[in-house]
Amino acid sequence: MSMFGGDNELGNILQEAVKLKSAQMGQKRLTYEKWPFFVQHTLFHGEKDDFKAWRQLPFAEKMEKSDKIKDDGNDLYAKGSYSDAVDKYEEAATMVHYCYSTDPGWRKNNRGIDDDVLVLVVDEGTNEEEKQQYRKLRLACCLNLATCKQKLEKYDEAIVACDVALDLDPDNVKALYRRAEARIRPSSSTAYDLDLAIKDLAKALSADPKNNMVEKLLKRLRGERKVQRDKDSKTFTGMFERGEVYDKGMENSTAPCQSELEMREVQKRIDDISDNDSLEKRCEDAELLRDLYMRNGKEDEAKELNEKIKAAKTAIKTQNETAPPKLNWTSPTPEMIEDAKKHGLDLTDPLVIEELSRLEREGMPQDEDSLDEGSASTSASRGGATDLPLPEVDWGETVPWLRYIIIFVLIAVAWRLLHAGFLRWLLRFVWRHILRIPQILGLGEDMDDERGSMFAAAYRKIAGLFGGADEDGEL
């Protein structure tokens, strides 16, 4: 297991330390996080020497550089290099709208990105003409970024780019149309997103009544919404009927109107949510209320609730991503096998695999007694270890019988040779003909049995040199 896996005490401590550090860093960059992603990236553009120099140029020269970079982005977009085009569009506006840190060593020291030392620069020139050039450049870059992000299927970032474009030009038809597209294209889009997209398109069509693309998409989305409303009406028995805000039959009545009753019913579902309910269920119920807010014209409430739903879904996604992966004990990877060996476990043993699978299903016991009880109950329920599935054997593998037979034959032949005195003959042959010891010591080639062995003759020869026994061995 990895050190950061949370499967040991050290891993848990490290994870908590990382979370604490991230939370601390997050508090220092609240303003930075509110800026659009392409404005955040200008902090890193400023680390390049050429951009540092370009930002010091007069406004007219800045605009000339920016236009050239934007044109480079258009060329890349035409070639289908959308990611590279995004970089160019971000860089094109970074000369007139950017942020930088007053701490030169922010990347090397522990300070990092800190709102206290960040400065946002908005260079709109010195007159109205230059201000219009500034707005035109940023608007073009934002619209182009939105288009590229749609191509890259990063719809949230496309919406952000359109938001900035609409801040610069609230009635810009392209921004409204592209934001509507970005809202409905994701497979996760909801009825709330559909309503917002229709609202954008209606505004765009009001600004440009002859725009066929806007009119066509608006007509299609309104048709889809009508179909969905009819389906909701049948499914939820009128709870989501998106008709008039008030029930005309109750206009003169002191009792609450139908739409108010519906909202109360959904709100009651929200209030009845308990801590035992899953986060997914809470999100679903909150989405019901959000859609009902939107249908009844309460856009501010719908927007506020939608932000909370997004935060909850982000938490769910983070939780799923940080959850430890489920291990497949029946097919362990080589890394798992090697890591298990370090802890004295053999992942090729069926008994070990069965026990690990049981622990993963039932959870780790709290103490030794529970471990013994759990093991005993599990063994009893299985009917003993003999009930475990036998390991599979690959009978297709060839057994080297010929090699075994040759080895046994060689062993038998060697034994017979030793029994027949071959070893003794071999030693005598080496002694006489290879080492030639008898000739060196002056012994005869032939030694009869009466005079003794050649070793005995050698001994007598050496003893005679020192005046010992005679040739017959007598004193």
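Q: Buried means under 20% relative accessible area, exposed over 50%, and partly exposed in between, judged with a 1.4 Å probe on protein chains only; which residues of α6 are buried?

A: This is a predicted model, in which local features need pLDDT of at least 70 and side-chain atom pairs count only at pLDDT 80 or more, while totals for chains, interfaces and linings use all residues. Residues are numbered from 1 along each chain as its sequence is written, and side-chain values use heavy atoms, with hydrogens and water left out. Helices are DSSP runs (H or I, at least four residues; strands are E, at least two), numbered from the N terminus. In α6, the buried residues are F59, K62, M63, S66, I69, K70 and G73.

Q: Why do the buried residues of α6 line one face of the helix?

A: An α-helix has 3.6 residues a turn, so residues three or four places apart point the same way. Looking down the axis of α6, the buried residues fall within an arc of 130° (taken from the directions from the helix axis to the C-beta atoms), so they line one face. These buried residues pack against α5 (49-54), α7 (82-93) and α8, where contact means heavy atoms within 4.5 Å. A60, E64, K68 and A78, by contrast, are exposed on the other side of α6.

Q: How many residues does helix α6 have, and what span should they cover?

A: The expected span is 1.5 Å times one less than the number of residues. Helix α6, residues 59-78, has 20 residues and should therefore span 28 Å, which agrees with the 29 Å between its end C-alpha atoms.

Q: Which residue that follows α6 has a positive phi, and where is E153 found?

A: Most residues other than glycine have a negative phi. G80 follows α6 and has a positive phi, near 90°. E153 is a residue other than glycine, yet its phi is also positive, near 60°. The place of E153 is the loop between α8 (128-151) and α9 (155-168), and there E153 counts as exposed, with 58% relative accessibility.

Q: Is D195 buried or exposed, and which side chain does the side chain of D195 make a polar contact with?

A: A polar contact is a pair of N or O atoms within 3.5 Å; within protein, one must be able to donate a hydrogen and the other to accept it, and residues adjacent in sequence count only if both atoms are side-chain atoms. D195 lies in helix α11, which covers residues 191-207, and is buried, with a relative accessible area of 6%. The partner of the D195 side chain is the side chain of R225, at 3.1 Å.
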